[in-house]
Amino acid sequence: MAAYPDEDRASESSLEDGPHAQSVPLLPLQSWSPSAFKEKFLPSSPTASIWPSRLPSGPVARRRCLILSAVLLVTFGSIPLFLSGRLYSETSEVQPVHGVADLNPPLPSASPGGSGSAAYGGEELYGEDALPIHLRPETYLEGPIATTHFRDSLRNDTGYMTSFLSAGWTNDQITMGNLIYLALITGRIPILPPFTSYIGGDSAPIPFSEIFDVPRMVTALNSPILEWHMVKDIERSHAEGVRDEIGCWNIWEVDNMQSDGPRWSYSTVLLNLDISYTRAPQSVKLIPNYEHDSHSTFWSLAKLAFPEGRAEVLANPNAHPTRPSEISEVIVPPDEQLVCYDYLYYVCALEPFDSFEKDYSPMWREVMIHAHWTSALEDLAKGYLRRLFRLPENAAIPPYIAIHARRGDFLGWCGDVPKEDCFAPLGAFARRVREVQEEIRLRHGIYVSHVVMTGDEKDPLWWSAVEERGWLRIDHAEERTAEQYGNWYPVILDAVVQSMSIGFVGTDRSTFSHMARRRVSDWNNGAVRLVKWGTVGADDH
């Protein structure tokens with residue numbers, strides 16, 4: 001069984017706790033059933049979108065508004081570029097690669113003639129105002145403005161689901177995908193927390209919708225997605241010391257045998273939640289009594305989202321104790337309306353890590369394959385690539401191969417093996433690049449000479465060796481990426497650049513590489529490889 005290093009550690013920063021919140025009683029569920037929202041809300045004439053208006057004030061809102069403004073400029077300016085994900089269409093500004101299939105083509109318009117649709121490389125780009133009513137977030141909320149108490153925003157005839165983040169950005173994407181898929185199979189609406197992995201003194205949480213094209217995603221899913229800033233006025237709740245009490249399922253203590261409690265998450269601090277956790281049944285653990293794995297299956301967790309499964313567990317409180325909440329020390333059973341789990345990264349269909357390793361992964365095939373970048377983010381990445389290739393503005397970007405060499409924080413997994421023996425040498429990456437070049441030649445009839453290296457190595461001598469091979473790199477320090485766009489953007493732009501390639505060579509056991517591998521393979525019909533590491537000659541073959 002493969003072991004995965006902590007891809008990137010979660011920040012330990014947190015907001016100061018405010019005064020204890022008043023108890024918020026559960027609302028009775030009178031008419032909700034898991035599939036009710038699909039039956040109740042049928043497509044009709046679109047109304048005004050609430051995605052922009054629900055964004056919180058402060059740095060997150062200002063940055064989000066800048067992104068939205070960029071999208072509008074791109075959409076309604078001169079000739080549009082190309083639909084997100086379609087890199088090698090003959091109408092795109094990337095040099096065409098003939099014979100490349102678009103395995104995730106644009107979806108048919110959900111609202112023909114809607115005001116939000118815009119030509120984009122000959123296809124339609126789906127804005128929030130082009131969504132049918134059953135996919136709009138406001139359909140599933142009580143009002144147009146996020147409330148101080150999240151429960152005041154929820155409809156009492158609708159079921160929801162949420163979870164919290166506690167890892168690095170890539171692993172948190174996987175957690176989000178697992179949450180959305182689990183909500184889909186239980187007929188609930190997911191409420192996504194903002195990304196918090198790289199929070200520092202000058203960084204703000206970043207919403208899922210600032211990075212990913214949510215309108216396009218919900219159209220592909222034919223199911224809505226909410227975000228916490230739509231449901232709860234987070235800044236106001238902290239300013240007023242308003243905290244919400246809620247009962248959630250404690251999965252981590254069951255799955256991780258070294259743990260003595262639920263998985264801690266900064267998300268709960270940010271969202272001002274006081275959680276009373278109920279221990280999940282032992283049946284959720286994929287491999288019973290095995291301390292070296294922490295996985296549950298989707299359906300073992302889905303069972304807890306249904307009335308009978310919930311009642312079965314709560315009927316035996318001695319085996320499934322409920323902890324008092326950390327702040328108010330209230331004891332609340334798992335919520336029926338907003339089902340929540342402490343941590344959903346370690347969830348699989350059949351075997352550990354299949355959510356991103358295996359081609360049958362339902363989380364990838366049904367959810368995250370549709371999580372394309374926003375057009376503004378793609379445009380930003382294309383600007384970086386043009387400067388890298390020394391191309392004029394609006395010039396076609398030639399096909400290229402991207403490499404991701406994960407080194408830095410993986411050193412702790414080398415044990416007693418010296419760094420240079422543990423990590424794969426550049427020669428191993430070069431051999432895999434040649435394999436990818438040959439596969440592209442056979443599949444698409446072109447030879448790709450451009451190679452772009454991305455990675456976290458700090459040694460300038462290593463980067464000099466990269467340049468000696470004729471490979472290029474995006475130097476975020478020289479580009480002043482963090483200063484211009486924020487601390488999130490060096491890593492986000494690397495991921496976007498990787499996903500735009502026609503070939504990809506990554507680092508084995510890196511979730512960052514695995515997600516890029518999936519995107520290049522399924523979005524671009526590209527050739528992909530992973531380089532093994534850990535011992536001398538680990539990737540020899």
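Modeller: One term to begin with: contact means heavy atoms within 4.5 Å. Also, this is a predicted model.

Biologist: Fine. Leaving aside neighbours within four places in sequence, what is Ala302 in contact with?
Modeller: Leaving aside neighbours within four places in sequence, Ala302 is in contact with Leu182, Ile185, Thr186 and Tyr341.

Biologist: Which helix does Ala302 lie in?
Modeller: Ala302 lies in helix 10, residues 298–302.

Biologist: Is Ala302 buried or exposed?
Modeller: Ala302 has a relative accessible area of 0%. The cut-off for buried is under 20%, so Ala302 is buried.

Biologist: How far is Ala302 from Leu184, in sequence and in space?
Modeller: They are 118 residues apart in sequence and 9.9 Å apart in space, taken C-alpha to C-alpha.

Biologist: You mentioned Tyr341. What else does Tyr341 touch, neighbours within four places aside?
Modeller: With those neighbours left out, the contacts of Tyr341 include Met161, Phe164, Leu182, Trp249, Ile251, Leu301, Ala302 and Leu304.

Biologist: Which residues have the most contacts inside the largest nonpolar core?
Modeller: Trp169, Phe195 and Tyr341 do, in a core of 80 residues. Helix 3, residues 169–186, supplies the largest share of this core, with nine residues. Another core, of 27 residues, lies apart from it, and has Ile403, Ile440, Ala527 and Val531 among its members.

Biologist: Zooming out, how many helices and strands are in the protein chain?
Modeller: The protein chain has 21 helices and 15 strands. Of its 541 residues, 59% are buried. Among contacts between residues at least 6 apart in sequence, 77% join residues at least 24 apart.

Biologist: Which helix makes a β-α-β unit with strand 12 and strand 13?
Modeller: Helix 17, residues 460–468, and the unit is right-handed.

Biologist: Now helix 20 and helix 21. At what angle do they pack?
Modeller: Helix 20 (residues 489–499) and helix 21 (residues 511–524) pack at about 35°, with axes 8 Å apart. Helix 20 contributes Val491, Asp494, Ala495, Gln498 and Ser499 to the contact, while the residues from helix 21 include Phe512, Ala516 and Trp523. The crossing is right-handed.

Biologist: How many residues of helix 20 are buried?
Modeller: Eleven of its eleven residues are buried, so by the under 20% cut-off the helix is mostly covered.

Biologist: What about strand 6, why is it largely enclosed?
Modeller: Seven of the seven residues of strand 6 (residues 244–250) are buried, so the rest of the structure largely encloses it. Strand 6 pairs with strand 7 (residues 273–279) in the parallel sense over seven bridges. Glu245 has Asp274 of strand 7 as its bridge partner.

Biologist: Last topic, backbone angles. What is the phi of Asn222?
Modeller: Asn222 has a positive phi of about 55°, although it is not a glycine. Asn222 lies in the loop between helix 5 (214–221) and strand 5 (226–227). Its relative accessibility is 43%, so Asn222 counts as partly exposed.

Biologist: And where is Asn289 found?
Modeller: Asn289 is in the loop between strand 7 and strand 8 (296–297). Its phi is near 60°, again positive in a residue other than glycine. At 66% relative accessibility, Asn289 counts as exposed.

Terms used:
Residues are numbered from 1 along each chain as its sequence is written. This is a predicted model: local features need pLDDT of at least 70, side-chain atom pairs count only at pLDDT 80 or more; totals for chains, interfaces and linings use all residues. Side-chain values use heavy atoms; hydrogens and water are left out. A crossover is right-handed if, with the strands pointing away from the viewer, the path from the first strand over the helix to the second runs clockwise. Helices (H or I, at least four residues) and strands (E, at least two) are DSSP runs, numbered from the N terminus. A nonpolar core is a set of buried Ala, Val, Leu, Ile, Met, Phe, Trp, Tyr and Cys residues joined through side-chain atoms within 4.5 Å. Buried means under 20% relative accessible area, exposed over 50%, partly exposed in between (1.4 Å probe, protein chains only). Axes are lines fitted to C-alpha atoms, for helices over the stretch in contact, and angles run from 0 to 180 degrees between N-to-C directions. A crossing is left-handed if the near helix is turned anticlockwise from the far one by less than a right angle, and right-handed if clockwise. Two strands pair if DSSP finds at least two bridges between them.
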